[in-house]
Amino acid sequence: MKRTSLVIGASGQIGQHGLAALHRLGGTSVGTYKQHAGQELIPLDVTNVEQFDRIMETHRPDVIYLTACIANVDYCEGHPDETYETNVVGVRNAVEVANRYDCKLVYLSSEYLFDGTAGPYDELAPAKPLSVYGWQKLAAEHSIAAFAHDWLIIRTTVVFSWESQGKNFLYRLRNSLMQGRQIEVPVDQISSPTYAPDLVRAMIQLVEQDEHGVFNVCGPHIATRYEFAIAAASAFGLSSSLIVPVATASLNQLARRPLKAGLLVGKVERTLGRPMLDFVDGLREMAGSIPAC
């Protein structure tokens, strides 16, 4: 079935890969941006209902992929009211227009729903956020589950890939090592590194199978941020001697991070009939490809 898809936040890492994958599959796919314009992307501020409506009326999508949010955890902590408008009110607007135009809403959520005391977590684990960002993600999930007619929530974490804005952790790591600068990496944060192209493959397949509900979609193996950094340095042929293991507390970050986190992927692997890609294989694939920017 050829669908019409609207990717909100298509200038970001996940949205960018999602839009590219949808283009390869055929059908009609439209992407939006808020601050970082991209080729053929159209502007959209999710807090502007009238603008949202005009785009829906023009393109009439069957599926909305809501990948846009303010994801800087420390910025959210320091600017809770501002970020609430995008991360919670914007999601409510997406629910409203998805219902009005009878389309499926796919939302990208996070392991930051959890306090990181008992991970990795499955889809039924009780949420207990530590940060403003985590509470905003939880509020958004509640709005979707309570009011959206047709919805899919994708929880993921530590997403990495080449991407046009060059903002994810691996860019900072690689640039630091190539420039001979030390980089401090937490040795006590455990998570599930996730290769973006594999994430979007799974996300789109779940839509094609008309799945509903909550799915963890991430790498199948957990690692500390430090272990992930060491594996990345090896994949890119760089020395790991400049990677300095530190405790999270020593970084003096504004928002608290879940430490023993990560997500379990048994449900999505059973549903898709395939394993999610391990982060080591994702790093190898990334290192062997040409950057997209």
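Me: Where does R60 lie?
Reply: R60 lies in the loop between α2 (49–59) and β4. Helices (H or I, at least four residues) and strands (E, at least two) are DSSP runs, numbered from the N terminus. This is a predicted model, where local features need pLDDT of at least 70 and side-chain atom pairs count only at pLDDT 80 or more, while totals for chains, interfaces and linings use all residues. Residues are numbered from 1 along each chain as its sequence is written, and side-chain values use heavy atoms, with hydrogens and water left out.

Me: OK, and what is phi of R60?
Reply: Phi is near 45 degrees there, a positive value in a residue other than glycine. R60 counts as partly exposed because its relative accessibility is 46%. Buried means under 20% relative accessible area, exposed over 50%, and partly exposed in between (1.4 Å probe, protein chains only).

Me: What about D102, is that one buried or exposed?
Reply: D102 is exposed, because its relative accessible area is 69%. You'll find D102 in the loop between α4 and β5, and its phi is near 55 degrees, again a positive value in a residue other than glycine.

Me: Which residues does the cis peptide bond join?
Reply: That bond joins G119 and P120, with omega at about 0 degrees. P120 is in the loop between β5 and α5.

Me: Let's switch to the sheet. What is the order of its strands?
Reply: The open sheet has 7 strands in the order β3-β2-β1-β4-β5-β6-β11, with parallel pairing. At the edges are β3 (42–43) and β11 (213–216), each pairing on one side only. Two strands pair if DSSP finds at least two bridges between them.

Me: How many bridges join β1 to β2?
Reply: There are 4 bridges between β1 (residues 4–8) and β2, and these strands run parallel. T4 stands opposite T28 in β2. Strand β2 (residues 28–33) is mostly covered, with 5 of its 6 residues buried.

Me: And which residue stands opposite R155?
Reply: That's N216 in β11. β6 and β11 pair in the parallel sense over 4 bridges.

Me: Which strands does α1 lie across?
Reply: Helix α1 (residues 13–25) lies across β1, β2, β4 (63–66), β5 and β6, and runs at about 160 degrees to β2. Helix α7 (residues 196–208) lies across β4, β5, β6 and β11, at about 160 degrees to β6. Axes are lines fitted to C-alpha atoms, for helices over the stretch in contact, and angles run from 0 to 180 degrees between N-to-C directions. Contact means heavy atoms within 4.5 Å.

Me: Now α5. What do its buried residues pack against?
Reply: They pack against α3 (73–78), α4 (80–100), β5 (104–110) and β6 (151–156). Among the buried residues of α5 are V132, Y133, L138 and I144.

Me: Last topic! At what angle do α8 and α10 cross?
Reply: The axes of α8 (residues 225–235) and α10 (residues 279–287) cross at roughly 35 degrees and come within 9 Å. On the α8 side, F228, A231, A232 and A235 meet F279, L283 and A287 in α10. The residues of this contact divide into 7 nonpolar, no polar and no charged. Here Ala, Val, Leu, Ile, Met, Phe, Trp, Tyr, Cys and Pro count as nonpolar, Asp, Glu, Lys and Arg as charged, and the others, Gly among them, as polar.
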